[in-house]
Amino acid sequence: MLIIPAEHKIDWRRPPFATLILIVINTLVFFHLQHQDQERWEQAYRYYTSNGLPSFEAPLYADYLQSITQLGLDSRTELAHQARQAVNNNQFVALTPYMLEDREFIAYLRRDGNNFIAPENFQNWQLHRAYIQTNYLDQLSYWKMGLVPAQIELPDLISYQFLHGNMDHLVGNMVMLFLVGFAVEIILGKALYLTAYLAAGAAGGLLFSLTEANSITPLVGASASIAGLMGMYVMYYRL
C-alpha cells in the first residue's frame, strides 16, 4: 500500500526540520560509509584472491551448497548449479564474491573443516580467513551496524535504520520519508515524531529478527520506520 499525504501542504515558513534532519543523516551516513565499505571490500577481495583462497574454497563451496539445497535448508539452487559448473570448468571468479562473505559457509568450514581438510591446509586457511575477517569484513558498516537476526544487539535496532544497500534503496526510502514524514511531523510534533520514527524501525527490526531468527544476513534500511509513519498517518485520518 502506498500512502501519499494530500491533507497538508508544506509551510516552508515552518519547515519539517525533523524530517529533513533524518534525510540528511541517512544521506551522509550512506555516502560516508559506502565509500569506506567499497574500499575495504576491494582490499578483502584482493587479499582473498592473491592468497589462492578461491581455488581452495570453490570445490568445498560447491559441495556445501549442493548439500544444504538438497536437504531443503537453503533455496539457492541456481547458485549451487553455477558453483558446480564453475568448479568443473576451473572458473572461480564468479563465485568469489559469494564465497568471500558467506558467513554460514565460513562457519561451516571452521566447525567441520578439520574432518576433511588436511591439517596443514586447514591451519593455513584459518589464518587467512581470520585476517580477512578482522581487518576487512568486520569493518564493513552493514556488519558493524546492520541488524543480524541471529546475533541481535539492542543498538543495532536503531543503527540499522540509517544504513542502505545502494543508491536506489536510499533514494526510494528518502522520497517516501519526505512525502509521509512531513505530514506526520505536523500531526505529532518534532520530539514525538522522532521517537515514533525510531520506535517503529526498532519494532520492525525486532519482528524481522523473530521471524528470521537463524539468519546471519544483515538487515539495513529505513523501510520499517517509514511503514510505521504510514500506519500513523492512516490511523490519524481514519483512512
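User: What does the secondary structure of the chain come to?

Analyst: The predicted model has 11 helices and 0 strands. Read along the sequence, the pattern is α-α-α-α-α-α-α-α-α-α-α.

User: What does the C-alpha trace span along its principal axes?

Analyst: The trace spans about 70 × 35 × 30 Å.

User: And how many of the residues count as buried?

Analyst: Of the 239 residues in the chain, 41% count as buried.

User: What about contacts between residues at least 6 apart in sequence, how many join residues at least 24 apart?

Analyst: Among those contacts, 76% join residues at least 24 apart.

User: OK, cores. How many residues does the largest nonpolar core have?

Analyst: The largest nonpolar core has 32 residues, and Y61, L65, L95 and I132 are the ones with the most contacts inside it. At least two residues of this core come from each of α1 (17-50), α2 (53-70), α3 (77-88), α4 (96-101), α5 (103-112) and α6 (119-135).

User: Which helix gives the most to this core?

Analyst: That is α2, with 8 residues. As background, nonpolar side chains in soluble globular proteins tend to be buried together.

User: Back to Y61. What does it touch?

Analyst: Leaving out residues up to four places away in sequence, Y61 touches R76, L79, Y98, M99, D102 and F105. There is also a second, separate core of 19 residues, which includes I23, F30, A222 and I226.

User: Change of topic: helix packing. At what angle do α9 and α10 cross?

Analyst: The axes of α9 (residues 167-188) and α10 (residues 190-211) cross at roughly 130° and come within 7 Å. The two helices are therefore oblique to each other, and the crossing is right-handed.

User: Which residues meet there?

Analyst: From α9, L177, G181, V184, E185 and L188 meet K190, L192, Y193, A196 and Y197 of α10. By class, this contact has 7 nonpolar, 1 polar and 2 charged residues.

User: And how do α10 and α11 cross?

Analyst: The axes of α10 and α11 (residues 223-237) come within 7 Å and cross at roughly 120°. This pair is therefore oblique. The crossing of α10 and α11 is right-handed.

User: Which residues of α10 meet α11?

Analyst: Y193, A196, Y197, A200, G201 and G204 in α10 meet A224, S225, G228, L229 and M232 in α11. The residues of this contact divide into 7 nonpolar, 4 polar and no charged.

User: Staying with α10, is S209 buried or exposed?

Analyst: S209, which lies in α10, has a relative accessible area of 5% and is buried, because the cut-off for buried is under 20%.

User: What does S209 touch?

Analyst: Not counting residues up to four places away in sequence, S209 touches L147, P149 and I152.

User: I152 again: how far is its C-alpha from that of I216?

Analyst: The two C-alpha atoms are separated by 9.5 Å, with I152 and I216 being 64 residues apart along the chain.

User: Where is I216, then?

Analyst: I216 sits in the loop between α10 and α11. At 17% relative accessibility, I216 counts as buried.

User: What is I216 in contact with?

Analyst: Setting aside neighbours within four places in sequence, I216 is in contact with R103, E104, W143, V148, A150 and Q151.

User: Is N90 buried or exposed?

Analyst: N90 counts as exposed, because its relative accessibility is 59% and the cut-off for exposed is over 50%.

User: Last one, F182. Where is it found?

Analyst: F182 is found in α9. With a relative accessible area of 7%, F182 is buried.

User: How far apart are F182 and T19?

Analyst: They are 163 residues apart in sequence and 6.0 Å apart in space, C-alpha to C-alpha.

Definitions and conventions: Residues numbered from 1 in each chain as written. Predicted model: local features only at pLDDT ≥ 70, side-chain atom pairs only at ≥ 80, totals over all residues. Heavy atoms only, no water. Axes fitted to C-alpha atoms, helices over the stretch in contact; angles between N-to-C directions. Helix = DSSP H or I, 4+ residues; strand = E, 2+ residues; numbered from the N terminus. Parallel < 35°, antiparallel > 145°, perpendicular 65-115°, else oblique. Left-handed = near helix turned anticlockwise from the far one by under 90°. Contact = heavy atoms within 4.5 Å. Nonpolar A, V, L, I, M, F, W, Y, C, P; charged D, E, K, R; others polar. Buried < 20%, exposed > 50% of the residue type's maximum accessible area, 1.4 Å probe, protein only. Core = buried A, V, L, I, M, F, W, Y, C linked by side-chain atoms within 4.5 Å.
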